[in-house]
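Here is a quick briefing on one protein model.

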Amino acid sequence: MGSVRGGKSGGIFGVGETTAKMMKGNIDVKFRDVAGCEEAKLEIMEFVNFLKNPKQYHDLGAKIPRGAMLTGPPGTGKTLLAKATAGEANVPFITVNGSEFLEMFVGVGPARVRDMFAMARKNAPCILFIDEIDAVGRKRGQGTFGGHSEQENTLNQLLVEMDGFNSDTNVVVLAGTNRADILDPALMRPGRFDRQIFIGPPDIKGRASIFKVHLRPLKLPESLNKDDLSRKLAALTPGFTGADIANVCNEAALIAARHLNEYVVEKHFEQAIERVIGGLEKKTQVLQPDEKRTVAYHEAGHAVVGWFLEHADPLLKVSIIPRGKGLGYAQYLPKEQYLYTKEQLFDRMCMMLGGRVAEQIFFGRITTGAQDDLKKVTQTAYAQVRTR
């Protein structure tokens, strides 16, 4: 796979030349390497079919959507999905970051946009991917000082190139951002980015399929069933994104190598999940006996209250070994749901306050250990009043 930097020179010393990179040849990322976002893959498959069989659409008088905006939290696989689209279509893949258009020289941004689209049309049919497009696509009219006017001129040029007199239907523009709320409305209208594809955190089935992908290169014992391991790890990692899961698998391999093990086993994955959730274990931090006792009662308070409440999340593990910034550590398995009743929220708040109550009952005093719990309870209470 070759990588070519783009375009013709423009401006003094070629400063207006695009910084976009074009990858030619076989891109080794395919849709099978992207797991956990099946709906997004179905949405974007139409672009692949168009680039492979454009005549099928033109004969019916159909116009392919000009572009797609991939939005969602960080680490959910937006950039990977765009690269897989190019790999499946087997067409040139031109990639650029939104911040690369903005320089201190006036007029450089629009010149680079023109040069980039000229390179894309020259290599059509192709896929042009603009990552972190919010750097150049912010709403206009926010101010005219410093780089703001240059950013607006760059955005204006991008709008014209995507749906102006020189537009070319054989160039599919994909863009990725996790700040879709600040983008200019003109950028999001049909004819430019016709489709907005949201890629959220995967559900338990999605996480299991992502684990299968990242378990492939790891050296696992032959007796270990990858399907069973993937499902178990998916249940232990609610709310994790694809990047988090890749980090867990890599961390498990590092832990196994650190202890000179021949294989990566299930115990290493559990230790890796604990490290990602709770932070690095602090073996050098020595608590005073009184402090250790207080932390033990505090964490036990959470566990006991959660045990007797109907709607509390199941508790998986409690530890008083310091991790990260905290002195105690509790791992829960929350249900994957989007709607919560008043009773469920109330039980969660009670469970958060269980540690503080335990300190009050057994020691007659309150420590600063409940600081994080009070912060979460306050956020939940405010959210019920303001948003629910």
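A pocket is an open set of grid points, where a 1.4 Å probe fits, with protein on both sides within 12 Å along at least five of seven lines. The model shown here is predicted. By that definition, the largest pocket holds about 1300 Å³ of space. The second largest pocket holds about 590 Å³.

**The largest pocket**

- The lining of the largest pocket counts 37 residues.
- Nearest the centre of this pocket lie A330, Y332, D372, D373 and K376.
- By class, the lining of the largest pocket has 13 nonpolar, 14 polar and 10 charged residues.

**The second largest pocket**

- Here 24 residues form the lining of the second largest pocket.
- P201, P202, D203, E336 and Y338 lie nearest the centre of the second largest pocket.
- At least two lining residues come from each of α1 (38–52), β7 (195–198) and α7 (204–215).
- The lining of the second largest pocket divides into 11 nonpolar, 6 polar and 7 charged residues.

**Helix α11 against helix α13**

- Helix α11 covers residues 289–308, and helix α13 covers residues 354–363.
- The axes of α11 and α13 are 7 Å apart, and the packing angle is about 125°.
- Angles over 145 degrees count as roughly antiparallel and 65 to 115 as roughly perpendicular, so α11 and α13 are oblique to each other.
- The crossing of α11 and α13 is right-handed.
- From α11, the residues in contact are R293, T294, Y297, H298, G301, H302 and V305.
- They meet G354, G355, R356, A358, E359, F362 and F363 of α13.
- This contact of α11 with α13 has 5 nonpolar, 6 polar and 3 charged residues.

**Helix α11 against helix α12**

- The axes of α11 and α12 come within 8 Å and cross at roughly 155°.
- Angles over 145 degrees count as roughly antiparallel, and α11 and α12 are therefore roughly antiparallel to each other.
- The crossing of α11 with α12 is right-handed.
- On the α11 side, H302, V305 and G306 make the contact.
- On the α12 side, C350, M351 and M352 make the contact.
- By class, the contact of α11 with α12 has 4 nonpolar, 2 polar and no charged residues.

Technical notes:
Residues are numbered from 1 along each chain as its sequence is written. This is a predicted model: local features need pLDDT of at least 70, side-chain atom pairs count only at pLDDT 80 or more; totals for chains, interfaces and linings use all residues. Side-chain values use heavy atoms; hydrogens and water are left out. Axes are lines fitted to C-alpha atoms, for helices over the stretch in contact, and angles run from 0 to 180 degrees between N-to-C directions. Helices (H or I, at least four residues) and strands (E, at least two) are DSSP runs, numbered from the N terminus. Angles under 35 degrees count as roughly parallel, over 145 as roughly antiparallel, 65 to 115 as roughly perpendicular and the rest as oblique. A crossing is left-handed if the near helix is turned anticlockwise from the far one by less than a right angle, and right-handed if clockwise. Contact means heavy atoms within 4.5 Å. Ala, Val, Leu, Ile, Met, Phe, Trp, Tyr, Cys and Pro count as nonpolar, Asp, Glu, Lys and Arg as charged, and the others, Gly among them, as polar. On a 1 Å grid over the protein atoms alone, a cavity is a set of points where a 1.4 Å probe fits but cannot get out, and a pocket is an open set with protein on both sides within 12 Å along at least five of seven lines; lining residues have an atom within 4 Å of a point. Grid points are joined across faces, edges and corners, and a volume is the space filled by probe spheres set on the points.
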